Amino acid sequence: MGLRSRERGAGRMKAIIVTAFLAYAVYAVVKIVPPYAAEYQLADKMQEQARFAVVNRYTEEQIRENVFKVVKDLDVPAKREDIKIEASQQVVKISMDYKVPIDLLAYHLDLHFTPSSENKALY
């Protein structure tokens, strides 16, 4: 009993602080990872759309509409005007520029994404 009376609970406090830090880290990862995954999927779909646009000779408005459908499906906070298209018979370039605001309780973070794609005709 004599050894027990000298303990002040420092180990318990350290465990609480470590647990709180780990919980905050998990919370931050849950908030930050989905926008990166959505950007990756969006870039992949933009590349796919650029390929199809060259082969099928889509107009700039058709390409913009197809990309915007993907933007809405992925809940990307971008507007139709953010989608930049350059289309000709030889090349199709698609680019975007958008920011995703992240609120991490004690810190506000803006993630900036600029996915782009380019595809050239084979002939």
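The legends below describe close-up views of a predicted model.

**View 1. The hairpin of strand 1 and strand 2.**
Strand 1 covers residues 84-87 and strand 2 covers residues 91-95. The two strands pair in the antiparallel sense over 4 bridges, and the hairpin that joins them runs through 3 residues. I85 has I94 in strand 2 as its bridge partner.

**View 2. The hairpin of strand 3 and strand 4.**
Strand 3 (residues 98-103) is paired with strand 4 (residues 108-113) in the antiparallel sense, over 6 bridges. D103 has H108 in strand 4 as its bridge partner. There are 4 residues between the strands in this hairpin, and L105 takes a positive phi near 65 degrees.

**View 3. Aromatic residues of strand 3 and strand 4.**
Y98 and F113 form a tilted aromatic pair, with 5.5 Å centre to centre and 35 degrees between the planes. Because Y98 lies in strand 3 and F113 in strand 4, the pair ties together parts that are 15 residues apart in sequence. Y98 is buried, at a relative accessible area of 4%; F113 is also buried, at 5%. Y36 belongs with Y98 and F113 to one aromatic cluster.

**View 4. The aromatic pair in helix 1.**
The model contains 3 aromatic pairs. One of them is formed by Y24 and Y27, which are tilted at 35 degrees between the planes and lie 6.4 Å apart, centre to centre. The two residues are 3 apart in helix 1, so about one helical turn separates them. Y24 is partly exposed, with 32% relative accessibility, and Y27 is partly exposed with a relative accessible area of 30%.

N119 lies in strand 5, which covers residues 116-120. This residue counts as buried because its relative accessibility is 18%, against a cut-off of under 20%. Apart from neighbours within four places in sequence, N119 is in contact with A50, R51, V54, Q90, V91 and V92.

R57 lies in the loop between helix 1 (10-56) and helix 2 (60-73). Phi of R57 is positive, near 55 degrees, in a residue other than glycine. D75 lies in the loop between helix 2 and strand 1. D75, also a residue other than glycine, has a positive phi near 55 degrees.

Methods. Residues numbered from 1 in each chain as written. Predicted model: local features only at pLDDT ≥ 70, side-chain atom pairs only at ≥ 80, totals over all residues. Heavy atoms only, no water. Pairing = 2+ DSSP bridges. Buried < 20%, exposed > 50% of the residue type's maximum accessible area, 1.4 Å probe, protein only. Contact = heavy atoms within 4.5 Å. Phe/Tyr/Trp six-rings, centres within 6.5 Å; stacked < 30°, edge-to-face > 60°.
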